[in-house]
Amino acid sequence: MSEKGLLVVFSGPSGAGKDTVLKRLMEKEPGIRLSVSATTRAPREGETDGKDYHFLTRAHFDELVANDKMLEHAEYCGNCYGTPSEPIEKWQAEGCDVILEIEVQGGAQIKAKRPDCVSIFVLPPSLEVLENRLRRRGTESEEAIQKRLGAAKAEIAKAVLYDYIIVNDDLETAVDEMAGLLRAEKRRASRNQEFIERML
Ligand code: 5GP
């Protein structure tokens with residue numbers, strides 16, 4: 001069977017619980033690597049440089065883009081975000097599934113560049129739940145919350161472009177569904193042509 005890891009685009013609006021789903025998934029499933037994005041956004045309380053994000057100045061970010069060091073990049077709510085290319089091929093070759101937690105513009109760029117990727121969109125149970133989660137987080141101003149809610153609606157409209165959707169109502173169910181999707185994707189005949197040819 002194919003030993004190359006999957007490239008997984010994982011998107012969803014702010015407050016859908018992407019981080020929580022991924023954290024739990026990685027506890028349960030070894031062999032998953034999470035890409036650490038670069039951003040020009042300021043760190044939130046509790047965030048660590050190099051772990052949560054590579055926090056960069058705009059000039060440094062632009063330099064990496066100009067030198068073709070980003071697999072994709074996009075602007076979201078006034079800040080730049082991008083995926084450093086370097087570790088991804090290596091992890092996949094080692095057999096690890098690599099997850100890119102990115103917004104929808106970046107997701108579309110990855111789909112175009114790497115059509116073999118798997119794309120998964122995580123939804124909140126409702127917009128009301130999403131708004132409550134954003135408020136409870138308490139890290140953003142009212143203006144930023146309104147901006148993120150507007151962005152969330154625009155993002156949710158793009159969910160149909162993804163291969164799969166997951167509703168994050170109950171965390172364990174969402175995580176089990178995601179693990180199941182990744183397992184099924186690895187069994188796709190098109191990913192295992194070499195295995196079939198070798199058998200013959
Ligand atoms: P936050 O500021 O809440 O950490 O992230 C805002 C949005 O940017 C989220 O939807 C997150 O998934 C997305 N994001 C994080 N890293 C990247 C990246 O490398 N590329 C793109 N296109 N979006 C990203």
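Reply: A residue counts as buried when its relative accessible area is under 20%, and as exposed when that value is over 50%. The model considered here is a predicted one. C96 has a relative accessible area of 7%, so C96 is buried. C117 has a value of 5%, and therefore C117 is buried too.

Cysteines raise the matter of bonding. A disulfide is a covalent bond between the sulfur atoms of two cysteines. How many disulfides does the structure hold? The number is zero. For C96, the nearest cysteine sulfur belongs to C117 and lies 18 Å away. For C117, in turn, the nearest cysteine sulfur is that of C96, at 18 Å.

The aromatic residues come next. A pair of aromatic rings is described by the distance of the centres and the angle of the planes. Four such pairs are present in the structure. One of them joins F121 and Y162, edge-to-face, with 5.2 Å from centre to centre and 70 degrees between the planes. F121 belongs to strand β8 (residues 118-123), whereas Y162 sits in the loop between α6 and β9 (164-167); the pair therefore ties together parts that are 41 residues apart in sequence. F121 has 0% relative accessibility, so F121 counts as buried. Y162, at 11%, counts as buried as well.

Another edge-to-face pair consists of Y76 and Y81, with 6.2 Å between the centres and 80 degrees between the planes. Both of these tyrosines are buried. Ring pairs also link Y53, F55, Y76 and Y81 into a cluster.

The strands β5 (70-76) and β6 (79-84) form a hairpin with two residues between them. In the turn, C77 has a positive phi of about 50 degrees. The two strands run antiparallel and are joined by six bridges, and E75 stands opposite C80 in β6. β5 is mostly covered, with five of its seven residues buried.

Of its 37 lining residues, the closest to the centre are K18, D19, E47, Y53 and E101. Helix α1 gives the largest share of the lining, six residues. By type, the lining comprises 11 nonpolar, 10 polar and 16 charged residues.

Definitions and conventions: Residues are numbered from 1 along each chain as its sequence is written. This is a predicted model: local features need pLDDT of at least 70, side-chain atom pairs count only at pLDDT 80 or more; totals for chains, interfaces and linings use all residues. Side-chain values use heavy atoms; hydrogens and water are left out. On a 1 Å grid over the protein atoms alone, a cavity is a set of points where a 1.4 Å probe fits but cannot get out, and a pocket is an open set with protein on both sides within 12 Å along at least five of seven lines; lining residues have an atom within 4 Å of a point. Helices (H or I, at least four residues) and strands (E, at least two) are DSSP runs, numbered from the N terminus. Ala, Val, Leu, Ile, Met, Phe, Trp, Tyr, Cys and Pro count as nonpolar, Asp, Glu, Lys and Arg as charged, and the others, Gly among them, as polar. Buried means under 20% relative accessible area, exposed over 50%, partly exposed in between (1.4 Å probe, protein chains only). Two strands pair if DSSP finds at least two bridges between them. A disulfide is a pair of cysteine sulfur atoms within 2.5 Å. Rings of Phe, Tyr and Trp (its six-membered ring) pair if their centres lie within 6.5 Å; planes under 30 degrees apart count as stacked, over 60 as edge-to-face and the rest as tilted.
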